[in-house]
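Here are some notes to read alongside the structure, written as numbered points. Please keep the sequence and the 3D view open as you go through them.

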Amino acid sequence: MINKDLFVPLEREILQVQKKEETLGYWQDAWIRLKKNKMALLGLIIIVCLIVVAIFGPIFSSHTYDEQNLMMTNSSPSWEHWFGTDNLGRDIFIRVLYGARISLAIGIVASLLNLFIGVIYGGIAGFCGGKIDRIMMNIVDILYSVPTLLYVILLMVILKPGLINIFIALGIGYWLQMARIVRGQILSMKEQEFILAARTIGVSKKRILFRHLLPNAMGAIIVTMTLAIPDAIFTEAFLSFIGLGVSAPMASWGVLASEGVNNLRAYPFQLFFPAVAISVTMLAFNFLDDGLRDVLDPKMRR
């Protein structure tokens, strides 16, 4: 006889918690674990605040990024000019906010190029395999062998400085890393059982690629996209710093840093604020990227 005293029924609350854990989706679980990562959550909050301030901050300001006031040149930070003014009397705070718009636009364009070009190119190469895969990836390897920053600089010298030309230069090479990662993900999944089952019931190749393979590689895709944003922002800042980025009087963080270096000894605040903006943005995106890499990895799920 089995002793019933050895068995204790579970409480109702425990059963509800277990049921909730069993029905928890992939993205819900990822969001819950992302909120537990304090550094990643801090990075996300900083990025959201930066976007909001960059979009709406200049609207409520009485100054514009190109407004000159020769009576207030090189003024120290004050209540009227929070970050001070430059050698033409322009408000540095507003120029930093406009620089954030340019930097975020650069980052968004780089991530979209990663998404549309890199994902499709790498997905087709990995799914087709064979000779097509070798030819497509040989092209990627040739382009990847040249440092991205080097040919971006060469293209900017040929195309001349400008925001549109920066977009074109980034569009040529920033999708290469994404293509390699997506190809690797597709190669590791295309022979698994759920793909073989889809082929068995007659699902088309296009549907298999875009409805089964790429969605299952979305974790690696999102992480790579997030990592490309700070890289593109830093590239634009470097190009503007050496005079190959956006043209005056547009306010880019690289332009502001370049102008601040010229007056570093006399007016260090002119370099300090754009440098802090660049550094905080880089750290925020890297914190978020590290957190996403942890929460979107299926092996890390409990």
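**Notes on the predicted model**

1. Serine 111 is buried, because its relative accessible area is 8%, and a residue counts as buried when this value is under 20%. Please bear in mind here, as in every point that follows, that this is a predicted model.

2. Looking at where this residue sits, one finds serine 111 in helix H4, which covers residues 92-128. If neighbours within four places in sequence are left aside, serine 111 is in contact with Met225 and Ile229. The C-alpha atom of serine 111 is also separated by 10.0 Å from that of glycine 171, although these two residues are 60 residues apart along the chain.

3. For the chain as a whole, there are 13 helices and zero strands. Among contacts between residues at least 6 apart in sequence, 70% join residues that are at least 24 apart.

4. How many aromatic pairs are there? The count comes to six. One of them is formed by tyrosine 121 and tryptophan 175, whose ring centres are 5.1 Å apart and whose planes meet at 55°, so the pair is described as tilted. Tyrosine 121 belongs to helix H4, whereas tryptophan 175 lies in the loop between helix H7 (163-173) and helix H8 (176-189), so the pair ties together parts that are 54 residues apart in sequence. Both tyrosine 121 and tryptophan 175 are buried.

5. A further aromatic pair, formed by phenylalanine 272 and phenylalanine 273, is edge-to-face, with 5.3 Å from centre to centre and 75° between the planes. Are these residues buried or partly exposed? Phenylalanine 272 is partly exposed, since its relative accessible area is 49%, whereas phenylalanine 273, with a relative accessible area of 18%, is buried. Both belong to one aromatic cluster, which is formed by Trp82, Phe83, Phe93, Phe272 and Phe273.

Technical notes: Residues numbered from 1 in each chain as written. Predicted model: local features only at pLDDT ≥ 70, side-chain atom pairs only at ≥ 80, totals over all residues. Heavy atoms only, no water. Helix = DSSP H or I, 4+ residues; strand = E, 2+ residues; numbered from the N terminus. Buried < 20%, exposed > 50% of the residue type's maximum accessible area, 1.4 Å probe, protein only. Contact = heavy atoms within 4.5 Å. Phe/Tyr/Trp six-rings, centres within 6.5 Å; stacked < 30°, edge-to-face > 60°.
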